[in-house]
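Dear colleague,

Please find the structure below, together with its sequence. My notes on what was found in it follow.

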Amino acid sequence: MIIMIPEQATIIEVGPRDGLQNEANYVPTENKINFISALKDSGIKEMEITSFVSPKWVPQMKDAKGITDSCLDESRNFVLAPNRKGIERIKETNVSAVALFAGVSNTFNQKNSNKETEQLLEELTVLVDELKRDGYFVRACISTAFYCPYEGQIALQDTLDVCRKFVNAGVDELSVADTIGMATPEESYHLFHTLKKEFPTTLLTAHFHDTRGMALANIYACLTAGISRFDTSAGGLGGCPFAKGATGNVATESVVYMLERMGVATGINLNKLMMAIDEIEPHLSRSISTPYRTLYQKEVSAKTN
């Protein structure tokens, strides 16, 4: 049986925002800017660069204005905002692409935003309408689409209902996340196959955490469902501060390597991507040791010895 998969894939790099938001060490603004610049130099065209959130809750993002002042260009630079206050701050910049987020789980949303899902969606869909009328590209990030650390497995229909409200409000893209890394390839295929049928004109992006080592298998399952957009994080950085067990995002280098070996073009230079990781690693509280990076370092060491 011949399995059809896309010939090209788009990588949305989330390391500078989702990857760093839970980092214990505060990364100086200059080093974040250098990281973002190096990632772009590797060929990445879409990226979450920062977020306008309360520095009380996410102190790593307190320099968001400095990032937006320095890193905007012709590529798609997403800035995340959790509420109207964040959107108002974005409107004071030249940002043109906005990310909003909501969980499917009531408990997750209560812990994250002090609102139940229905109330949060009512507020966010109003913001989507306003942003679209003002000409912004809007991305809706859907957390706990498969499983929730508090409520367990999430019903497929509940995830579809949340996605539908955002689509009806006019979002350009849905980024649908396996927040705590529990989804299986079968579940991933089923959800994204269904999403593709339900919302054929909306950009669909898969966001996997590699908590249980299933992210690459899930991405392959999504490819067979026709999905060609994937959120990834250089070095596997990341973790949601509001979801216990949500360890690192799937590593950009692992995904790019797999896709390119499969003949799926990404336009990303892996050697330059390693240089971007080299740029950020000294400022982190831990070393980066994803499988691809470890092998790359051994090869570099062998050539220099």
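The side chains of Glu-130 and Arg-84 form a salt bridge, with N and O 2.9 Å apart; the term denotes a side-chain nitrogen of Lys or Arg within 4 Å of a carboxyl oxygen of Asp or Glu. Because Glu-130 belongs to helix H6 (residues 117-133) and Arg-84 to helix H4 (residues 84-90), the pair ties together parts that are 46 residues apart in sequence. Helices are DSSP runs of H or I with at least four residues, strands are runs of E with at least two, and both are numbered from the N terminus.

Please note that this is a predicted model, in which local features need pLDDT of at least 70 and side-chain atom pairs count only at pLDDT 80 or more, while totals for chains, interfaces and linings use all residues. Residues are numbered from 1 along each chain as its sequence is written, and side-chain values use heavy atoms, leaving out hydrogens and water.

A second salt bridge joins Arg-293 to Glu-281, at 2.6 Å from N to O. Arg-293 lies in helix H12 (residues 291-304), whereas Glu-281 is in the loop between helix H11 (270-280) and H12. Arg-293 is buried, at 1% relative accessible area, and Glu-281 is buried too, at 18%. Here buried means under 20% relative accessible area, exposed over 50%, and partly exposed in between (1.4 Å probe, protein chains only). Arg-84, at 37%, is partly exposed.

In total, the count comes to 20 salt bridges. The chain has 12 helices and 10 strands, and 54% of its 305 residues are buried.

Yours sincerely
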